[in-house]
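Subject: Structure handover

Hello,

Here is the structure you will be taking over. My notes on it follow below.

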Amino acid sequence: MRLLPALALSAAALLSGGCERTETPAATVPAATAPAADPVGTVLAASQRFGQLRSFHAVMKMQGPRALEAQMDYVAPDRYRLITDDGPQTIIGGTFFLQRAGEVRQVPVPEGMLAQWRNPLPADLEPAQLQVRDLGEERAGGQRAHKYEVRHATAAPDGLLYWVNAQGLPVQIERKGETNGQPFRITVTYSRFDDASLRIDVP
């Protein structure tokens, strides 16, 4: 069962934290076309909004010693579909439906593993623990967005790059780092926010 650990590793390296968030009013997040008066508040509000989404699509790419590309669909409250070169795999609740050679086997998912896929920042992160630098406007995921450099105590030494669109949602996140002395880069691009047509059924 190598697919699940590989995807968990790539997601965990970038997305750490839980999904319990309080929704933030839209008015508190500035448009992506204007500099943010409060970059920390903007990034935290974007993370909070993301945690309230009913569905989304994500494309994860890892470049470095080991190349990995995968897609993920999420449908609230607890359904995930992972797509790699090995084909689609489904997680519903605490069960991973491992599909292989025409058979479906049910495997328990480690407790707490999926929470890190639902929110880009740790759930208990306070504004004072966050350092955010506004890097200006830049297109990401095919749309206009505002780019931020985000640092906090549990992030990688180089921090994260975080693109927020005009609707106040993160559309792309990037992390760079090193593993065994070799550089890597992980990029996650998000789309199809609250798309009611996204469905994840039991295999």
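Predicted model: local features only at pLDDT ≥ 70, side-chain atom pairs only at ≥ 80, totals over all residues.

Strands (E, at least two residues) and helices (H or I, at least four) are DSSP runs, numbered from the N terminus, and two strands pair if DSSP finds at least two bridges between them.

Strands β9 (residues 160-165) and β10 (residues 170-179) form an antiparallel pair over 5 bridges. Trp163 has Gln172 in β10 as its bridge partner.

Axes are lines fitted to C-alpha atoms, for helices over the stretch in contact (heavy atoms within 4.5 Å); angles run from 0 to 180 degrees between N-to-C directions.

Thr187 belongs to strand β11 (residues 182-191). Beyond residues up to four places away in sequence, Thr187 touches Val59, Met60, Lys61, Gln172, Ile173 and Glu174. Its relative accessible area is 14%, so Thr187 is buried (under 20%; exposed is over 50%, partly exposed in between; 1.4 Å probe, protein chains only).

Residues are numbered from 1 along each chain as its sequence is written. Local features need pLDDT of at least 70, side-chain atom pairs count only at pLDDT 80 or more, totals for chains, interfaces and linings use all residues, and side-chain values use heavy atoms, leaving out hydrogens and water.

Regards
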